[in-house]
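Student: I would like to learn how to read contacts, helix packing and confidence in a model. Can we work through one together?

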Amino acid sequence: MKVPELISEDNLSHAWGRAFLIAMNGNKNLMPLTISIGGLTNGLPAEDHRIRQAVDMALDLNGKYSCAISAMTIFPFKYWNQTGRPHVQKFKESFLKEYLPRLRARDPRNRTGTYFERMIAFQGIKRKGDSDTKNQLQHIIGLWPKNGEHSRPRQSALQVAIFDPVKDHNGSPRSVFPCLQQVSFAYDDLGGLAVNAYYPAQYIFDRGYGNYLGLCHLGYFMAYEMGLEFMRINCFIGRPELGDVTKKALRKLEDTVQGLLPECQL
């Protein structure tokens with residue numbers, strides 16, 4: 001019996017490239033894929049910009065969003081930097097008031113929200129039936145000890161929900177959002193932080209590269225807020241799929257990736 005795939009790399013482009021080649025190989029078995037990316041420098045992932053450029057060109061030719069735009073839906077890294085790296089609560093306010101309306105105006109598919117919006121303003125239901133929102137990232141940051149405190153929160157408390165059954169259990173045969181169900185954070189005794197993400201299914205070509213990049217940016221932000229060092233992302237994909245683009249349209253990208261990956265083996 002074939003065992004589930006594990007891809008572990010110190011370069012985001014190489015990790016995505018191996019996942020892409022697996023998807024191009026057409027594996028139809030019910031085998032999940034786990035991608036682990038380390039080798040971060042100052043909290044940011046190493047990339048092969050030749051692969052990144054080739055991916056963005058193929059995405060554009062096939063009418064898809066760039067890696068940067070897909071990453072931004074998980075964490076708007078550029079906007080955070082442009083606004084002076086504000087604390088999570090202040091950043092939430094500016095994101096919801098200024099940035100999110102522009103996203104929704106640009107693309108109606110954002111009408112049900114973005115991943116980052118659900119992280120900072122998850123719509124919940126109080127016990128009395130009143131609606132409420134939860135800034136999940138702020139809650140986690142608030143749990144982290146400060147000013148010499150030694151007690152740390154339990155690992156299982158560092159979870160962020162994305163999938164909302166009230167909104168997302170709609171019976172639609174296809175949905176572009178949310179593919180990401182849940183994010184959690186883990187820490188070690190040496191001051192390191194990791195991001196864990198769960199995708200029931202993921203389009204490796206359409207959004208995979210941007211997803212991994214966005215998760216890295218999210219991890220950087222959380223480590224920055226918590227005073228830790230961002231070390232790794234681990235991404236579990238229950239059902240890896242190529243996307244809604246034909247393999248024929250991606251043969252040039254496949255050849256490019258195969259030529260640039262070190263010791264590529266399927």
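Student: Leaving aside its neighbours within four places in sequence, which residues is Leu40 in contact with?

Tutor: Contact means heavy atoms within 4.5 Å. With neighbours within four places set aside, Leu40 is in contact with Pro45, Phe230, Met231 and Arg232. This is a predicted model, where local features need pLDDT of at least 70, side-chain atom pairs count only at pLDDT 80 or more, and totals for chains, interfaces and linings use all residues. Residues are numbered from 1 along each chain as its sequence is written, and side-chain values use heavy atoms, with hydrogens and water left out.

Student: Where is Leu40 found, and is Leu40 buried or exposed?

Tutor: Buried means under 20% relative accessible area, exposed over 50%, partly exposed in between (1.4 Å probe, protein chains only). Leu40 has a relative accessible area of 17%, so it is buried. Leu40 is found in the loop between β2 (33-37) and α2. Helices (H or I, at least four residues) and strands (E, at least two) are DSSP runs, numbered from the N terminus. The C-alpha atoms of Leu40 and Ile233 are separated by 9.8 Å, and these residues are 193 apart along the chain.

Student: How is the packing of two helices described?

Tutor: By the angle between their axes and the distance between the axes. Axes are lines fitted to C-alpha atoms, for helices over the stretch in contact, and angles run from 0 to 180 degrees between N-to-C directions. Take helix α2 (residues 49-61) and helix α9 (residues 204-226): the angle is about 135 degrees, and the axes are 10 Å apart. Therefore α2 is oblique to α9. Angles under 35 degrees count as roughly parallel, over 145 as roughly antiparallel, 65 to 115 as roughly perpendicular and the rest as oblique.

Student: Which residues make that contact?

Tutor: Arg52, Val55, Ala58 and Leu59 of α2 meet Phe205, Asp206, Tyr209 and Leu213 of α9.

Student: At what angle do α3 and α9 cross?

Tutor: Roughly 50 degrees, and the axes of helix α3 (residues 67-74) and α9 come within 7 Å. So α3 is oblique to α9. On the α3 side, the contact is made by Cys67, Ser70, Ala71 and Ile74. The α9 residues include Tyr209, Gly210 and Leu218.

Student: Which element has the lowest mean pLDDT, and which the highest?

Tutor: pLDDT is the predictor's confidence in each residue, from 0 to 100. Where pLDDT is low, the predicted coordinates should not be read in detail. Helix α8 (residues 165-168) has the lowest mean pLDDT among the elements, 70, and α2 the highest, 98. For the protein chain the mean is 89, and 87% of its residues reach 70 or more.
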